[in-house]
Amino acid sequence: MGPLKGIKVVDMTTVLMGPYATQMLGDYGADVVKVESLDGDVTRLIGPMRHAGMGPVFLNTNRSKRSICLDLKKAAGREAVLRLLKDADVLVYNVRPQAMARLQLGYDVVSAINPRLVYAGVFGFGQDGPYAAKPAYDDLIQGATALPALMAQTGDGVPRYVPNALVDRIVGLTAVGAICASLVHRDRTGRGQRLDIPMFETMAGFVMGDHMGGLTFEPPLDKGGYARHLSRDRRPYKTSDGYLSVIVYNDKQWENFFKATGRDDLRADPKFATFAGRAANINVVYAELARIFETRTTAEWIDLLTKADVPVMPMHDLASILHDEHLEATGFFPVVTHPTEGPIRSMKVTATWSETEAEPVRLAPRLNEHGAEILREIGYSADEIAAMVRDGVTRVAPE
């Protein structure tokens, strides 16, 4: 009984950005119908898998959904989508709007049959600029919003992408908020609307919110950039036997740190004594902390800093995070049994509600697993479904 129970979402997205958003809507209780091509979402093919088409990227981005495959280039496939949309609350797509228009599924067409629909596009660029028709991928948008340049500035001088589909997931999260806000507007007014969530503009705001700096002002007061984030020494600290994530930030934390480590000399140093002094000398501060943390083991530092109420966390890798004591206690990585893939490690819904608790309603579907079921729901007979299979509009549901 999640907070979006009763909301029907038609999901025409692939890869990560759109599916991440629609998975969240499904986890929150919406009935999400994933419309796939006859070959299925390409992420079905990524990573190690037990059965073809059920790779880990797909499994972890497409739970809480039902799958139907349709050839939208055929009139009968398009007609089936229009029937799905007739009583839907939300359509989410992540091709360029020009492609939706070529499929005759543009907002003008769809809103005419369902004026209450929230028609949400997650794609590369705002449609009123010169990049409107350009393709966009996570790597391209990272580069265009200065992330590799910042990585080079804080590292070895070589531009690198963040090793995560950061853009896809941030824009997906932004889309969820925008869609939910549009549903509130729809419930107040009875009217749906077209909603564009562009990757480039979303990430430009995300990155520059930290790094606009003096460029905020006209004329500029500096060249931009948040000095603490750009320090080359802002990184996990090396201990005598590993690494540790620590941040000593406000005055109280620094006072606790001085007491715990016996560094009265630093308390008396103006570069360390005040927030303003530390901000102006951040590289000196981080370099001194690096020297201090090498003097004890990781376990010793965690114990000492935890008792001193100085923020500290272990530095995990992909294997050790699975056994973090907090995540184990909260059951964040439950092992569940998929009907065809057997035991798989899942991840829990992170938000909690006091009245409408949400949890995944189903695990990621096989391609077209719910095709016949969905077609029956929108009025197709068994003979009509068989004809669609015969004509290559859809496929036989997997056994």
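**View 1. Thr14, Val15, Asn94, Val95 and Arg96 lie nearest the centre of the second largest pocket, which has 35 lining residues.** Strand E2 (31-36), helix H4 (97-102), strand E5 (118-123) and helix H6 (138-144) each give two or more residues to this lining (helices are DSSP runs of H or I, at least four residues, and strands runs of E, at least two, numbered from the N terminus). This is a predicted model: local features need pLDDT of at least 70 and side-chain atom pairs pLDDT 80 or more, while totals for chains, interfaces and linings use all residues. Residues are numbered from 1 along each chain as its sequence is written, and side-chain values use heavy atoms, without hydrogens and water. H4 makes the largest contribution to the lining of the second largest pocket, with three residues. The pocket holds about 930 Å³ of space (the volume filled by probe spheres set on grid points joined across faces, edges and corners). On a 1 Å grid over the protein atoms alone, a pocket is an open set of points where a 1.4 Å probe fits, with protein on both sides within 12 Å along at least five of seven lines; lining residues have an atom within 4 Å of a point. By class, this lining has 19 nonpolar, six polar and 10 charged residues (Ala, Val, Leu, Ile, Met, Phe, Trp, Tyr, Cys and Pro are nonpolar; Asp, Glu, Lys and Arg charged; the others, Gly among them, polar).

View 2. Of its 41 lining residues, Pro56, Asn60, Phe333, Arg345 and Met347 lie nearest the centre. Helix H1, helix H2 (56-59) and strand E11 (342-345) each supply at least two lining residues, and H1 has the largest share, four residues. The lining divides into 24 nonpolar, nine polar and eight charged residues.

**View 3. Helix H1 (residues 17-27) has 11 of its 11 residues buried, so it is largely enclosed by the rest of the structure.** Among the buried residues are Met17, Tyr20, Gln23 and Asp27 (buried means under 20% relative accessible area with a 1.4 Å probe, protein chains only). After H1 comes glycine 29, with a positive phi near 115°.

**View 4. Three strands form an open sheet in the order E7-E8-E9, with antiparallel pairing (DSSP finds at least two bridges between paired strands).** Strands E7 (237-238) and E9 (312-314) are at the edges with a single partner strand each, so one side of each has no neighbour in the sheet. Strand E8 (residues 243-246) pairs with E9 over three bridges, and leucine 244 has proline 314 of E9 as its bridge partner. Helix H16 (residues 298-307) packs on the sheet and touches E8 and E9 (contact: heavy atoms within 4.5 Å). The direction of H16 makes about 20° with that of E8 (axes are lines fitted to C-alpha atoms, for helices over the stretch in contact, and angles run from 0 to 180 degrees between N-to-C directions).

Note on methods: Buried < 20%, exposed > 50% of the residue type's maximum accessible area, 1.4 Å probe, protein only.
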